[in-house]
Amino acid sequence: MGKFDGFLICSDVDSTLTYEAGKVSDENARAIKYFQDEGGLFTLATGRAPSFMEHFSDKLKINAPIVSFNGTLLYDTEKDEIIKTWPMDKATVYKVFKYLQQNYPDIWHYSFGVNTSINAQYEAKNHSAGDGTLDELFDSFPNEMYKVLTVQNEALTLEIKKDLISKFGKELQFYRSWNEGLEYVSLESGKGVAVDHLKKHLNGQIHTTVGVGDYENDITLLEYADIGYAVANSIDAVKEAADRITVKNTEHAIAAVIKDLEETVI
């Protein structure tokens, strides 16, 4: 038996696992392999599509299903199959985006999570309300959508979030994934919800879930995990939700978490 048997680490990617966009440090990669060699399970809890794991395939492997699209899709990459989804209804999303087009022309970019490998991109600067292009885009989507992301300046992000919660908060969730990124997902979803389901799905293999994150979309991950870690570069709300605070993402945070588990939990 390995010393980490029964442990599952679910790590956010950007500004948590990575030290800059798409890059995992050698120290983190070595620590994750050690953790896995000692019986632990390691996976991602990310806002990105499951296929994003391919960016790290030269550095590390996951050995548990991925929590993707901010906990709206639980995906087994080894079996190439969906375990569970918490989707949004396309009609609801369309209603919200009609409202955004009419009231917030300064949004820079839209991204729609519509299947396990693709985010459909929509550059707002190239389109305008009523030109028919949004309708054409939505016609190409399936009836269930995993998540939506809009990107705009930070002040506008906060304004839109407040407005959408007021008008559509009984239909969808809205939270930031970074200063300028606003995510739209179903009410029933969340990284924490998906991790809780994953623990049950693994059917007795896991006694301790560990969540690691840095921003608003990671709060439920830390709340649902048996042990929640905020990286030192986290926003205050994430630190408040955490059981423990570790080093910054630029200081090999996942390696530090594994070392802390070994020294204080095992």
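Visitor: At what angle do helix H2 (residues 26-37) and helix H9 (residues 253-264) pack?

Guide: This is a predicted model, in which local features need pLDDT of at least 70 and side-chain atom pairs count only at pLDDT 80 or more, while totals for chains, interfaces and linings use all residues. Residues are numbered from 1 along each chain as its sequence is written, and side-chain values use heavy atoms, without hydrogens and water. Helices (H or I, at least four residues) and strands (E, at least two) are DSSP runs numbered from the N terminus. With axes fitted to C-alpha atoms over the stretch in contact and angles running from 0 to 180 degrees between N-to-C directions, the axes of H2 and H9 lie 7 Å apart and the packing angle is about 35 degrees.

Visitor: Which residues of H9 make the contact with H2?

Guide: Contact means heavy atoms within 4.5 Å. H2 contributes Glu27, Asn28, Ala31, Ile32, Tyr34 and Phe35, and H9 contributes Ala253, Ile254, Ala255, Ile258 and Glu262.

Visitor: In E17, what is the bridge partner of Ala230?

Guide: Strand E16 (residues 227-230) runs parallel to E17, joined by two bridges. The partner of Ala230 is Ile245.

Definitions and conventions. Pairing = 2+ DSSP bridges.
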